[in-house]
Amino acid sequence: MRPLIATIRLDHLRHNYLQARAAHGDRALAVLKANAYGHGAVRCAQALADIADGFAVACLEEALELRAAGIANPILLLEGVFDAEELKAVDEHGLWMAVTSEEQLSMVEQSNPSRPFNVWLMLDSGMHREGFLPENYHQAWHRLQASGKAGGITKMTHFARADEPEIPMTFTQLEAFDAAVRGLPAGDESVANSAGILCHPRAQRNWGRVGIALYGVTPLPAGFGQGDALRR
């Protein structure tokens, strides 16, 4: 096997985060899941810590690695937690978490945290991978609120095909999201991934989630969106 060297330009990483956040127009999480897409999560987090509104990772282990390295920014667990011990760790380390299922919602209701959790409540607006169906979303939100265990509830969904701007599915998902959250108390919302940030102005809510674009890769076809401003 021939030796290979990967050169990671941390100044480009910072540029891409700021570019994406400006395109989104509000706060943005830098997504560092899967070891920052293979770029080194700790080094990337350290390079972004002074400018990032927060980070997002897939699971608890990834978040604890960042906390152990001294990263104090908010960190969101995109997959949420899977048992009571993980929920205790979320409380201990001041992490944010997605709630995507009845099982996770029940765990929060039955918990005894030292402080209310920051919860991102996932709606399945059409991707059909995780989240509460639209007809169950209001009930899930009100259960969290009534539990007294959630200090903040961000309404959240995830696009299935935002990187294909010529098809209507993203607009269909936005309409489904807006309909599902209508009537709930005002609060933060997060719907835009990298493609949503770069190409779908209607997806610009309170929190964007900058994934592949953070690393200089536009998920969009040539000629669409603002991906040309990214640096590799």
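Student: Why is strand 1 (residues 27–31) called mostly covered?

Tutor: Look at the count of its residues: 4 of the 5 are buried. Buried means a relative accessible area under 20%, exposed means over 50%, and partly exposed is in between, computed with a 1.4 Å probe on protein chains only. Strands here are DSSP runs of E with at least two residues, helices are runs of H or I with at least four, and both are numbered from the N terminus. One caution: this is a predicted model, where local features need pLDDT of at least 70 and side-chain atom pairs count only at pLDDT 80 or more, while totals for chains, interfaces and linings use all residues. Residues are numbered from 1 along each chain as its sequence is written, and side-chain values use heavy atoms, with hydrogens and water left out.

Student: How do you know that strand 1 pairs with strand 8 (residues 207–210)?

Tutor: Two strands pair if DSSP finds at least two bridges between them. Strand 1 and strand 8 share 4 bridges and run parallel, so they meet that definition. Ala28 stands opposite Gly208, and Leu29 has Arg209 as its bridge partner. Strand 1 is also joined to strand 2 (residues 54–57) by 3 bridges, again in parallel, with Ala30 partnered by Phe55.

Student: What makes strand 7 (189–190) and strand 8 edge strands?

Tutor: The open sheet has 8 strands in the order 7-6-5-4-3-2-1-8, with parallel pairing. Strands 7 and 8 each have a single partner strand, so one side of each is left without a neighbour in the sheet.

Student: Which residues does Lys33 touch?

Tutor: Leaving out residues up to four places away in sequence, Lys33 touches Ala56, Val57, Ala58, Glu62 and Leu78. Contact means heavy atoms within 4.5 Å.

Student: What makes a space a pocket rather than a cavity?

Tutor: Both are found on a 1 Å grid over the protein atoms alone: in a cavity a 1.4 Å probe fits but cannot get out, whereas a pocket is an open set with protein on both sides within 12 Å along at least five of seven lines. Lining residues have an atom within 4 Å of a point. Grid points are joined across faces, edges and corners, and a volume is the space filled by probe spheres set on the points. The largest pocket has a volume of about 490 Å³. Of its 24 lining residues, Lys33, Tyr37, Arg129, His158 and Asn193 lie nearest the centre. Helix 2 (33–38) and helix 9 (194–199) each supply at least two lining residues.

Student: How many cavities of 30 Å³ or more does the search find?

Tutor: It finds 1 in the whole structure. The largest cavity holds about 60 Å³ of space, and its lining includes Arg129 and His158.
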